[in-house]
Amino acid sequence: MSDVQCEVCQDVVSKYKCPKCRLKYCSVGCYKDHQDKGCSNLPQETTVEMEVDVHGNIMSRSVLFPTDDTVMPSVLEKLCDSEHLCCLLKNRHLRELLLEVDKSQNTELIMQRVMKEPIFTEFADEILQIVEPSEDGGGSDMDEDV
């Protein structure tokens, strides 16, 4: 990760971002200076642009205004290739849990509950292994040396 200078004082490495405009700043003092001058940039929604051919096939995708947490479409497409994930999604109970999470107004509370369900944690682990593979490339056999 590269060090980025504070966009207010230009002297120190920034540690924070303005929640409204994403301007990088280093301290409370610089944040207050930024706010006093007026935060003029409104946040822009993260959007995905897709180029589609005449047959409806997606030719290319790009993410506009990605954040640190954005998972690129090319990485998300890898989820389609997982036979294990497809098999898990055949489970009616898992699908019901996913619908419950999707419809929930209190996602933090519902996530605490569904993460206690073995089928849901297996689903979440499979997604994480695909989206954020471990650096050693190993599987889930963490107790191999025991």
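The chain folds into six helices and four strands, where helices (H or I, at least four residues) and strands (E, at least two) are DSSP runs, numbered from the N terminus. The model is a predicted one, in which local features need pLDDT of at least 70 and side-chain atom pairs count only at pLDDT 80 or more, while totals for chains, interfaces and linings use all residues. Residues are numbered from 1 along each chain as its sequence is written, and side-chain values use heavy atoms, with hydrogens and water left out.

Followed along the sequence, the elements come in the pattern β-β-α-β-β-α-α-α-α-α. Of the 146 residues in the chain, 18% are buried; here buried means under 20% relative accessible area, exposed means over 50%, and partly exposed lies in between (1.4 Å probe, protein chains only). The accessible surface of the chain is about 11,600 Å², and carbon and sulfur atoms account for 52% of that surface; the areas come from the Shrake-Rupley method with a 1.4 Å probe, and for residues only the protein chains shown count as cover. Contacts, defined as heavy atoms within 4.5 Å, were also examined along the sequence. Among those between residues at least 6 apart in sequence, 22% join residues at least 24 apart.

In an unreviewed entry, UniProt lists residues 6-39 as "domain: HIT-type"; positions are given in the numbering used here, feature names are shortened, and annotations may be inferred rather than shown by experiment. This span is 29% helix and 12% strand, and its end C-alpha atoms lie 15 Å apart.

Cys-6 belongs to the segment before strand 1 and is buried, with a relative accessible area of 0%. Leaving aside neighbours within four places in sequence, Cys-6 is in contact with Val-12, Val-13, Ser-14, Lys-24, Tyr-25, Cys-26 and Cys-30. From Cys-6 to Cys-30 the C-alpha separation is 8.3 Å, across 24 residues of sequence.

Ser-14 also sits in the segment before strand 1 (16-17), and its 16% relative accessibility counts as buried. Not counting residues up to four places away in sequence, Ser-14 touches Val-4, Gln-5, Cys-6, Lys-24, Tyr-25 and Cys-26. Ser-27 is 13 residues from Ser-14 in sequence, and their C-alpha atoms are 7.9 Å apart.

Gln-10 is another residue of the segment before strand 1, but at 51% relative accessibility it counts as exposed. The backbone of Gln-10 has a phi near 65 degrees, a positive value in a residue other than glycine. For context, most residues other than glycine have a negative phi.

Further along, the loop between helix 2 (73-76) and helix 3 holds Ser-82, which counts as buried at 9% relative accessibility. Its side chain makes a polar contact of 2.8 Å with that of Glu-126. Such a contact is a pair of N or O atoms within 3.5 Å; within protein, one must be able to donate a hydrogen and the other to accept it, and residues adjacent in sequence count only if both atoms are side-chain atoms. With residues up to four places away in sequence set aside, Ser-82 touches Glu-126 and Ile-130. Asp-81, found in the loop between helix 2 and helix 3 as well, is exposed, with a relative accessible area of 65%. Asp-81 and Ile-130 are 49 residues apart in sequence, with 9.6 Å between their C-alpha atoms.

The buried residues of helix 4 are Leu-94, Leu-97 and Val-101. Viewed down the helix axis, these buried residues fall within an arc of 60 degrees, so they line one face of the helix; the arc is that of the directions from the helix axis to the C-beta atoms. Their cover includes helix 3 (83-88), helix 5 (107-114) and helix 6 (118-131). On the face turned away from the buried side, helix 4 carries the exposed residues Arg-92, Asp-102 and Lys-103. At the start of helix 4, a side-chain oxygen of Asn-91 comes to within 2.8 Å of the backbone nitrogen of His-93.
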